[in-house]
Amino acid sequence: MPYGQAEHRTSLRSVDYVLIVMCASPDSIREIMMTAHDLGMVDSGEYAFFSVELFTSTNESRRPWFREKDTMESNQKARKAYEALLTVTARIPVTAEYAEFSRGVKNLSQQYFGKPYGKEEVNTYVTAFHDAVILYSLAINETLREGLSVKNGSLVTQKMWNRTFEGITGNVSINEKGDRFVDYSLLDMDPETGIFEVVANYYGVSQQFVDIPGKHIHWAGNRGEPPSDVPTCGFDGSLCSDELFPQYVIVTLF
């Protein structure tokens, strides 16, 4: 539904934190960010927003603020609002194996389902499913070599734990509890181009946060550093006079 309609706004509450983490649809994120812009939370540079994208396309990630059917004025407003947004998403591998796998998936999609991918990347969920099958087959083969029954689901499951193998997505490592060490990318928008780019990666196995050479976060409000723990006037304005303190509220969409 269009931005600004009252039915989108299910609740209003005062903001009492400077880091706002969101996990919602792209349209909901856009509406929240535009609301934050209206309330002065972007230009002040005293708030930072994080969007966790579980399932998205590369094209949508590059310009998530843009809507082809929206007005130029609204798109420019959204672009400005997204200066305060950082995006966290699954890291896309840059290996030759991943590129070859991606081409194969695109060919099969066109051949059997008539769905052209074009220049769009294959979603990381597809590669994760592929690696999950490899993991399962490794556990099955090991069970058979030991002369045990593959009908023993608990046994097969345990053989998937605490092991590492090379998959399409790169090095796949499962810990002793059956959880995978996942790699993530942090994306930030270049205010000059309006394009979101990877500025850092988090590697699950080594638990390292590695900056991309030549890239850096563009903090909103022309700040050279992250916002402080408490806004200049405080969350309730008690640190400033009424004349200096802007009244902030934010719309939360579900």
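This is a predicted model: local features need pLDDT of at least 70, side-chain atom pairs count only at pLDDT 80 or more; totals for chains, interfaces and linings use all residues.
Helices, in the sense used here, are DSSP runs of H or I with at least four residues, numbered from the N terminus. Asn 75 lies in one of these, helix α3.

## Overall composition

The protein chain contains six helices and 10 strands. Of its 254 residues, 38% are buried. Among contacts between residues at least 6 apart in sequence, 62% join residues that are at least 24 apart.

## Helix α3 and Asn 75

Helix α3 comprises residues 72-81, and its buried residues are Ser 74, Asn 75, Ala 78, Arg 79 and Ala 81. These residues lie on the same side of α3 because they cover an arc of only 160° around the axis. The other side of α3 carries the exposed residues Met 72 and Glu 73. In general, an α-helix has 3.6 residues a turn, so residues three or four places apart point the same way.

The elements against which the buried residues of α3 pack are α1 (26-38), β4 (85-90) and β7 (184-190). Asn 75 has a relative accessibility of 4% and therefore counts as buried, the limit for this class being under 20%. Not counting residues up to four places away in sequence, Asn 75 touches Arg 30, Trp 65, Phe 66, Arg 67 and Asp 70. Of these, Arg 30 is one of the buried residues of α1.

## Helix α1

The buried residues of α1 are Ser 28, Ile 29, Arg 30, Glu 31, Ile 32, Met 33, Met 34, Thr 35 and Ala 36. At 1.5 Å a residue, the 13 residues of α1 should span 18 Å, and the distance of 19 Å between its end C-alpha atoms agrees with this. After α1 comes Gly 40, which has a positive phi near 80°.

## The six-stranded sheet

Six strands form an open sheet in the order β2-β3-β4-β7-β8-β9, and their pairing is mixed. β2 (19-22) and β9 are the edge strands; each has a single partner strand, so one side of each has no neighbour in the sheet. On average, neighbouring strands of this sheet are turned by 25° against each other, direction ignored. Strands of a sheet pair through backbone hydrogen bonds, either parallel or antiparallel.

β2 runs parallel to β3 (residues 48-53), to which it is joined by four bridges. Within this pair, Val 21 stands opposite Phe 50, and Met 22 stands opposite Ser 51. β3 is mostly covered, with five of its six residues buried.

## Nonpolar cores

The largest nonpolar core has 22 residues, of which Met 22, Met 33, Phe 49, Tyr 82, Leu 85 and Phe 196 touch the most other members. At least two residues of this core come from each of β2, α1, α3 and β7. α1 provides the largest share, five residues. Leaving aside neighbours within four places in sequence, Leu 85 is in contact with Met 22, Ile 29, Met 33, Phe 49, Phe 50, Ser 51, Leu 187, Asp 188 and Phe 196. A second, separate core has eight residues, among them Ala 139, Ile 140, Met 160 and Val 172. In soluble globular proteins, nonpolar side chains tend to be buried together.

## Loop residues

Which residues does His 216 contact, leaving aside its neighbours within four places in sequence? They are Asp 188 and Val 199. His 216 is placed in the loop between β9 (208-211) and β10 (250-252), and it counts as partly exposed because its relative accessibility is 49%. The C-alpha atoms of His 216 and Asp 188 are 8.2 Å apart in space, while the two residues are 28 residues apart in sequence. Asp 188 is also one of the contacts of Leu 85.

Most residues other than glycine have a negative phi. Asn 162 has a positive phi, as does Gln 207. Asn 162 belongs to the loop between α6 (153-158) and β5 (163-167), and Gln 207 to the loop between β8 (195-203) and β9.

| Residue | Phi | Relative accessibility |
|---|---|---|
| Asn 162 | near 55° | 58%, exposed |
| Gln 207 | near 55° | 57%, exposed |

Notes: Residues are numbered from 1 along each chain as its sequence is written. Side-chain values use heavy atoms; hydrogens and water are left out. Buried means under 20% relative accessible area, exposed over 50%, partly exposed in between (1.4 Å probe, protein chains only). The arc is that of the directions from the helix axis to the C-beta atoms. Contact means heavy atoms within 4.5 Å. The expected span of a helix is 1.5 Å times one less than its number of residues. Two strands pair if DSSP finds at least two bridges between them. Axes are lines fitted to C-alpha atoms, for helices over the stretch in contact, and angles run from 0 to 180 degrees between N-to-C directions. A nonpolar core is a set of buried Ala, Val, Leu, Ile, Met, Phe, Trp, Tyr and Cys residues joined through side-chain atoms within 4.5 Å.
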